Amino acid sequence: MDIETIRSITDRAVTRLLEETSPEINDLAAINVATLTGMKMMEAEIKYLETYAKVVNQHLANRRRDFNSLQPVSRLPEEILVYVIGIAMERHATKRYIRDLHRLTCVSFRWSAIITDAPTLWGVVLAGFSRGDQAMALKKSNETPLEVGCHAAELIGNNVDFIHRVTSHQHRWHSAFLSVDRSDRLEPLCRSSAPILRTLTIRVNPQSSSSARQTAPMNLFGGMTPRLRYLKLERFWIPWDSRLLSGLETLHLINTKRDGPSFTQLADSLQSCPNLITLRIKQVQLATVESRDVKPIELPHMTSCTIVGLDSQATITLLASIRAPICSHLVVDWKGNAVDELGVALVGWRPCIRSILAKSTQVDVGISLYSPLEGLLLYLRSSSGTLPALDIEFKAQESITALVALVSQVSQSVALVPANINVHWLNPQIKVPHDILLIFAEFPILVGVQLWCEGLATSFVKCMSYPSELDEPPTWPFPRITSLDLRDSSLSTELILQMVRARYGSGERMENRIPLMTDSPPAPLQRLVATTITDLDVAALKEINVWFPNCTIECRPMR
């Protein structure tokens, strides 16, 4: 209660007392008595108001609790509520984890009691926590499985011994993400086992060239191998015959150029992972082997495979040896010259490609060049959203002739599937070779073309404007195309209209129209996107709706 309220109550009490007192009382003693009496009356009234305020606050709290109890989440059983909170917090396992957990305890008395007494919610210990929060998490988690994590930048000050402290609870580790600046910081992991560890990520990221480098493989967990399901090693290596590399579902080996495994060791490790689902090998130095020494690597459950940064012979050997019938994502970084050998290595993947695309309604083929360093990128994807997406990427530093040969190898699996071709040549410093149009002929059922490159769109439109004289009777090239997306500043609106008039003109005779000399006319256009020069060109393209009222036309004027 503030001073003004107390003063107001005192004034009222004294005034009332003086009014009730006889007028003859004018001496000081009588006034003092009256004041003391007023003070007692004031204290009594204050106590009454305070008691009344407590009653009101309690009533409001009860009403609020009654309202919260009506919410669906408040009616959940305790076990389910803990499970839901655990899933929600799992996505936010950052240095704010403990603070966010404390904030959840403020939702209600029930939530506070449940969260405080749920050890599974406190099983996250990160180097980003304060020292007190780390101790609290270790204590409240009791003997439940732990998620442990650190970044190299966090291992400073009071946290420099973080790994030493959490290894005393290594028997409880279920998931560990350890990013350090020196491999010797991980030596405590070699002294004890982690029997329930399922996910392990180790990343060594030296802060400078003078940082201590790993000189020998590190035998983790004292030789007592946990049953890992996920393993990612980056700039760090272990004995390549270790049982850590067996029974995995996900394996990532990144930047182990020094002392990498031999091809035989890698093949043996993969063979010991029959349930492997995801494989990623990037910048790993493998010893090459003769093709006669290659044994098939059966991976019946693998759905994703990435092979990047290996030398050409190792890439070919690994591709040729893997048998992955349901793989739906393949990324290969190819920098060799023997494209015919790469095509042979892909023979084993054709059943996988064919089985998936046989159910697809359409396939997307893409060719792009964004920078000379990245090289050409070729991808092949199923565009059926309800089916497994096939994604093959070849980052190839190759000539167009070699690229055409490679596409010819791959396209044999998709010859009877409708195809879209997307060419993105977004580097103006490198002139687009028109030989790239040869790739289009590899896909007989071509239904859509997207050309974002200077000069090539103009050549393609000219190609579409005249029938082939090699056929008898002459036929129009790419008769199934229904969608065109053309971005080429040199492409004129008149050239587009001439192509449309030639291919799709109606019965009346028109200037610049070539008579249709086949019983199967081209499919009608359904979508046209074009970069034009002026607003007048935009209006001119609307003429296309004379032939195709249902055609969607999008124009991007260049100002």
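In this predicted model, F129 is buried, with a relative accessible area of 2%, and its ring forms an aromatic pair with that of Y97. The two rings are stacked, with a distance of 6.4 Å from centre to centre and an angle of 20° between the planes. Y97 is likewise buried, at a relative accessible area of 3%. Because Y97 belongs to helix α4 (residues 97-104), whereas F129 is found in the loop between β1 (124-126) and α6 (131-140), the pair ties together parts of the chain that are 32 residues apart in sequence. The structure holds 5 aromatic pairs, and elsewhere in the model F440, F460 and F478 are linked into a cluster by ring pairs.

Helix α13, which spans residues 456-464, contains T458. With a relative accessibility of 12%, T458 counts as buried, since the cut-off for that class is under 20% relative accessible area. When residues up to four places away in sequence are not counted, T458 touches D488, S490, L491 and L495.

A buried face was also found on helix α8 (residues 263-271), where the buried residues are F263, L266, A267, S269 and L270. These residues cover an arc of only 160° around the axis and therefore lie on the same side of α8. The packing partners of the buried residues of α8 comprise both strands and a helix, namely β6 (250-256), β7 (278-284) and β8 (297-298), together with α9 (312-321).

The largest pocket of the model has a volume of about 430 Å³. It is lined by 18 residues, of which G86, E90, T120, V124 and E147 are the closest to its centre. Three elements, α3 (78-90), β2 (146-150) and β3 (173-180), each supply at least two residues of this lining, and the most is given by α3, which contributes 6 residues. When the lining of the largest pocket is sorted by class, 10 residues are nonpolar, 6 are polar and 2 are charged.

Conventions:
Residues numbered from 1 in each chain as written. Predicted model: local features only at pLDDT ≥ 70, side-chain atom pairs only at ≥ 80, totals over all residues. Heavy atoms only, no water. 1 Å grid on protein atoms, 1.4 Å probe; cavity = no way out; pocket = protein on both sides within 12 Å on 5 of 7 lines; lining within 4 Å. Points joined across faces, edges and corners; volume = space filled by probe spheres on them. Helix = DSSP H or I, 4+ residues; strand = E, 2+ residues; numbered from the N terminus. Nonpolar A, V, L, I, M, F, W, Y, C, P; charged D, E, K, R; others polar. Buried < 20%, exposed > 50% of the residue type's maximum accessible area, 1.4 Å probe, protein only. Arc of directions from axis to C-beta. Contact = heavy atoms within 4.5 Å. Phe/Tyr/Trp six-rings, centres within 6.5 Å; stacked < 30°, edge-to-face > 60°.
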